[in-house]
Amino acid sequence: MLEVLNDADYELFRKVIYDESGITFSATNRSILDSRIKDLLRTKNIATPAEYYALIRKNPEEMKYMLDSVTTNLTRFFRNQPHFDAFVNYVIPHIIEQKKASLTDRTIKIWSAGCSTGEEPYTIAMIMKEIIPPGWNFQITASDISLKCLMTAQTGFYADSRVDGVPANYLAKYFTKVDGGYQIKKEVQDTIRFDYHNLKNDSGARNLDVVFCRNVLIYFDEPAQLAVIDRFWNAMAPKSYLFIGHSESLFGMKTQFEFLKTEWACLYKKEISK
Ligand SMILES: C[S@@+](CC[C@H](N)C(=O)[O-])C[C@H]1O[C@@H](n2cnc3c(N)ncnc32)[C@H](O)[C@@H]1O
């Protein structure tokens, strides 16, 4: 395939994408970046990568659009069920115990960071609606750098093929069958706040009980991963839990998180003893 980016163009785009988002392109996935920039040039009717580079440099909206276009957004409902088993059987009971003991609030705060088209936060919301004890509340924030994905997430409509992983009882209870697919019910949507957020920046969130950041760090190199992990640490409550993708690991990285192996799945724990 004819490459659109020469070495100098490639280096410019690789660097700006990394600096702006942490997403790391290397020699092995250079062809992916090449084909995405080629698509952008065609859509925008721009002749050369250099012209497009000048445009993103002077127009922050175009920069956002370009970053959105180079993301990988693959996701599905109930992705990696063992994580949700650990969430239901270990994480939530432990959080409830802690909060009861400290007589603090009765709200469980959850962040789905890199939520793509919404399947992950909706899965969490449906599960929470099933298991939350009376007198308790939960809040979910779901964020992504892709505005296109966030728009789909906010709409809450999924084509028939996209709800494959949803258990029949959840599908019946939390979705409405509509032409060509399923619409998530408002009672579930109302539990989630969707937000544009670039993980390169501090979200400003504090005291979160659970963070899901699954299948996102895999696109970053180690320094960028570490920076994101440090920001999670600051955003999380003194006793709280972090899920990353099952093919991702903090092994060998200098973080303060503790590795936690439960009967169901492995995750990470923040624990600051008072
Ligand atoms: C493969 S999807 C994972 C979706 C979901 N967490 C899951 O595991 O199914 C990765 C998502 O991370 C988002 N992402 C990549 N870099 C990001 C950044 N710097 N800030 C926020 N989101 C980012 C992408 O836009 C994409 O939607």
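These legends describe close-up views of a predicted model. Local features need pLDDT of at least 70 and side-chain atom pairs count only at pLDDT 80 or more, while totals for chains, interfaces and linings use all residues. Residues are numbered from 1 along each chain as its sequence is written, and side-chain values use heavy atoms, with hydrogens and water left out.

View 1. The space taken by the ligand is the largest pocket. A pocket is found on a 1 Å grid over the protein atoms alone, as an open set of points where a 1.4 Å probe fits, with protein on both sides within 12 Å along at least five of seven lines. A molecule sits in a pocket if more than half of its atoms lie within 2 Å of the grid points.

View 2. A polar contact is a pair of N or O atoms within 3.5 Å. Asn215 places a polar side-chain atom 2.8 Å from an oxygen atom of the ligand, and Asn73 places one 3.0 Å from a ligand oxygen atom. Arg214 takes part through the backbone: one of its N or O atoms lies 2.9 Å from a nitrogen atom of the ligand. On its own the ligand has 600 Å² of accessible area, of which the protein covers 99% (Shrake-Rupley method, 1.4 Å probe).

**View 3. The open sheet of 7 strands.** The strand order is β6-β2-β1-β7-β8-β10-β9, and the pairing is mixed. Strands are DSSP runs of E with at least two residues, numbered from the N terminus, and two of them pair if DSSP finds at least two bridges between them. From one strand to the next the twist averages 25°, with axes fitted as lines to C-alpha atoms and angles running from 0 to 180 degrees between N-to-C directions. Strands β1 (residues 107-113) and β7 (residues 208-213) run parallel and are joined by 3 bridges. Trp111 has Val211 in β7 as its bridge partner.

**View 4. The open sheet of 3 strands.** Here the order is β3-β5-β4, with antiparallel pairing. The edge strands, β3 (157-159) and β4 (175-178), each pair on one side only. Neighbouring strands of this sheet are turned by 30° against each other on average, direction ignored. β3 pairs with β5 (residues 181-184) over 3 bridges; Phe157 stands opposite Gln183, and Ala159 opposite Gly181.

View 5. Phe175 faces Ile184 in β5, and Lys177 has Tyr182 as its bridge partner. The hairpin has 2 residues between the strands, and Gly180 takes a positive phi near 80°.

Key. Helices (H or I, at least four residues) and strands (E, at least two) are DSSP runs, numbered from the N terminus. A polar contact is a pair of N or O atoms within 3.5 Å; within protein, one must be able to donate a hydrogen and the other to accept it, and residues adjacent in sequence count only if both atoms are side-chain atoms. On a 1 Å grid over the protein atoms alone, a cavity is a set of points where a 1.4 Å probe fits but cannot get out, and a pocket is an open set with protein on both sides within 12 Å along at least five of seven lines; lining residues have an atom within 4 Å of a point.
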